[in-house]
Amino acid sequence: MVYPKENNDSARMELANRLFFRLYQCANMLHKTGTRAVEKEGLTTQQWAVLGALSRTDAEGGMSVGDLARYLKVSRQNLSGQIGRMERDGHIELLADTRDRRAKRVTMTKHGRKIWEKDAQPKIRTYYEAALTDFSTGDLTHTLHYLLKLLDNMEKIDQSVEPSSDEE
């Protein structure tokens with residue numbers, strides 16, 4: 001005998017598995033093909049994300065390392081390697097926070113802003129256009145809506161778990 005609830009749960013879990021696997025594949029392809037799009041500027045997709053975060057009006061005076069890590073949804077340890085490489089390459093600099101001398105603020109340098117605005121942005125726009133071929137504005141709106149909903153649920157899961165030592 002077939003139990004409808006069990007069958008429905010099984011189908012839902014199969015769809016969930018397929019969805020999360022596709023998200024995993026998309027993340028990997030974004031890293032691979034996105035990095036290829038900006039590699040001549042000496043950037044990776046992670047560095048592109050850092051410069052993008054720092055280019056926002058909200059981040060005009062820079063961001064603390066902790067705020068930047070939270071914004072990008074990465075651990076401070078994961079971000080520190082990126083910051084070190086980007087500082088070495090002259091894209092960003094770490095300055096003492098005027099409110100808390102122990103804290104550091106990550107800011108984009110003039111060189112980093114030039115790389116971001118003049119060199120990387122046109123290539124990123126071209127990349128977006130190619131990756132979003134055949135997506136209507138409605139498709140983009142719906143996709144963004146559902147990804148934000150998923151991210152919100154994942155953040156709730158994250159907040160319900162004790163922070164591990166690498167996230168503190």
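This tour visits a pocket and then a pair of helices.

Before you start, keep in mind that the model is predicted.

**Stop 1: the pocket**

Select Leu23, Cys26, Ala27, Leu30 and Leu147. Of the 39 residues that line the largest pocket, these lie nearest its centre. The volume of this pocket is about 2100 Å³.

**Stop 2**

Now colour the helices one by one: H1 (4-38), H2 (45-54), H3 (65-72), H4 (76-88), H5 (110-131) and H6 (137-159). Each of them gives at least two residues to the lining of the largest pocket. Which helix supplies the largest share of that lining? It is H6, with 11 residues.

**Stop 3**

Keep H2 and H5 in view and hide the rest. Two packed helices are described by the angle between their axes and the distance between the axes. Here the axes of H2 and H5 come within 11 Å, crossing at roughly 115°, so the two helices are roughly perpendicular to each other. The crossing of H2 and H5 is left-handed.

**Stop 4: where they touch**

Show side chains for Trp48, Leu51, Gly52 and Leu54 on H2. Their partners in H5 are Gly112, Arg113, Trp116, Ile124, Tyr127 and Tyr128. By class, the contact of H2 with H5 has 7 nonpolar, 2 polar and 1 charged residues.

Conventions: Residues numbered from 1 in each chain as written. Predicted model: local features only at pLDDT ≥ 70, side-chain atom pairs only at ≥ 80, totals over all residues. Heavy atoms only, no water. 1 Å grid on protein atoms, 1.4 Å probe; cavity = no way out; pocket = protein on both sides within 12 Å on 5 of 7 lines; lining within 4 Å. Points joined across faces, edges and corners; volume = space filled by probe spheres on them. Helix = DSSP H or I, 4+ residues; strand = E, 2+ residues; numbered from the N terminus. Axes fitted to C-alpha atoms, helices over the stretch in contact; angles between N-to-C directions. Parallel < 35°, antiparallel > 145°, perpendicular 65-115°, else oblique. Left-handed = near helix turned anticlockwise from the far one by under 90°. Contact = heavy atoms within 4.5 Å. Nonpolar A, V, L, I, M, F, W, Y, C, P; charged D, E, K, R; others polar.
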